Amino acid sequence: MMTAVIETSGLGKRYRRAWALRDCTLAIPAGRVVGLVGPNGAGKTTLLHLAVGLLAPTSGSIRVLGASPADGPAQLGRVGFVAQDTPVYARLSVAQHLRMGAWLNPNWDREIAESRIEQLGLDPRQRAGTLSGGQRAQLALTLAIAKKPECLILDEPVASLDPVARREFLRSLMETVAAQGLSVVLTSHLIADLERVCDYLVVLVASRVQVAGEVSELLSSHHRLSGARRDAGSLPASQEVIEESHTDKQSTFLVRTGDPVHDPAWTVRPVTLDDLIIAYMSRRANPERDQRPQLKVMS
């Protein structure tokens, strides 16, 4: 079993009477590029803010790289974070951002920071407020990378970028992963971007892990079956029905199974990552399933 980069048990965060995250238990493996996805309100951003120490839990526990997220400067230095709005200081120049990063981070790598800025073609004298959205995102990523973190956490880092800027951001991210071997956890509603960079997937709905695992294994273990109409209860016990639809004469199921589908009555088709994510996000909560203890999801 791999070490968890983020591990939670019964984690919850409440704002007055409303819970933004509740009873969340999961273990995200280290050494992967992990896509954390789910509908709005699932608790993704709250989870990430708890992981980087911006919030304190109301209930339960969370450990990042084996320690409490806010356990002093050394722990904070092990985690890089780029928030959804890729925050930079509009009045500071690019060079001033790098000097600030060096002052705040004891493990700051000046060579990495300066070489990235040169590679990106950014003018060190230019104020951040005059940069394009893609350039600001790259500057924020540079600040996060140059602190030499063990884990990089990205909350919708490319949501507001155009397709070219998104591609460049993700390309530079993967170059960094290859060079430094760090763990990455990112959220995105853009499934094409997840397909491009992620090798591990976690789907979170209403604070609960619906499915988690290596992307390749998840795709190979899910199938879409279509054929003459029949009830889900007639399928073998080894075929877990994730999604189903019916017409008067035909049934279509998206199933998860580790066994081959031999029934000749079915037309069997592979599923895409888009199919899989939408099926789990659309799945209605099953009270019996939700009452069972949640399993650790590392592999």
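Why are Glu-168 and Arg-171 separated by about one helical turn? The two residues are 3 apart in helix H6, which covers residues 163–180, and therefore about one helical turn lies between them. This is a predicted model, and the values given here are computed from it.

The side chains of Glu-168 and Arg-171 form a salt bridge, with an N to O distance of 2.9 Å. Glu-168 has a relative accessibility of 30% and counts as partly exposed. Arg-171 is also partly exposed, at 35% relative accessible area.

## Salt bridges between separate parts of the chain

The count of salt bridges comes to 13. One of them joins Asp-275 and Arg-224, whose closest N and O atoms are 4.0 Å apart. Asp-275 belongs to helix H9 (residues 273–282) and Arg-224 to strand E10 (residues 222–228), so this pair ties together parts that are 51 residues apart in sequence. Asp-275 is partly exposed, with a relative accessibility of 23%.

Another salt bridge is formed by the side chains of Arg-230 and Asp-263, at 3.3 Å from N to O. This pair also links distant parts of the chain, 33 residues apart. Arg-230 sits in the loop between E10 and strand E11 (240–246), while Asp-263 sits in the loop between strand E12 (250–256) and strand E13 (267–270). Arg-230 counts as partly exposed at 23% relative accessibility, and Asp-263 is partly exposed with a relative accessible area of 30%. Elsewhere, Arg-166, Asp-193 and Arg-196 are linked in a network of salt bridges.

## The nonpolar cores

How many residues does the largest nonpolar core have? It has 51 residues. Those with the most contacts inside this core are Leu-152, Leu-154, Phe-169, Leu-173, Val-184, Leu-186 and Leu-201. Helix H5 (residues 133–146) gives the largest share of the core, with 8 residues. Another core, of 27 residues, lies apart from the largest one; among its members are Val-5, Ala-51, Ile-62 and Val-209.

## The largest pocket

The largest pocket holds about 730 Å³ of space. It is lined by 27 residues, and the closest to its centre are Val-79, Phe-81, Leu-104, Asn-105 and Lys-147. By type, the lining divides into 20 nonpolar residues, 6 polar residues and 1 charged residue.

Which helices and strand each supply at least two residues of this lining? They are helix H2 (72–77), strand E5 (79–82), helix H3 (94–104) and H5.

Gln-210 lies in strand E9, which covers residues 208–214. Is Gln-210 buried or exposed? Its relative accessible area is 15%, and because buried means under 20%, Gln-210 counts as buried. Gln-210 and Tyr-280 are 70 residues apart in sequence, yet their C-alpha atoms are 6.4 Å apart in space.

How values were computed
Residues numbered from 1 in each chain as written. Predicted model: local features only at pLDDT ≥ 70, side-chain atom pairs only at ≥ 80, totals over all residues. Heavy atoms only, no water. Helix = DSSP H or I, 4+ residues; strand = E, 2+ residues; numbered from the N terminus. Buried < 20%, exposed > 50% of the residue type's maximum accessible area, 1.4 Å probe, protein only. Core = buried A, V, L, I, M, F, W, Y, C linked by side-chain atoms within 4.5 Å. 1 Å grid on protein atoms, 1.4 Å probe; cavity = no way out; pocket = protein on both sides within 12 Å on 5 of 7 lines; lining within 4 Å. Points joined across faces, edges and corners; volume = space filled by probe spheres on them. Nonpolar A, V, L, I, M, F, W, Y, C, P; charged D, E, K, R; others polar.
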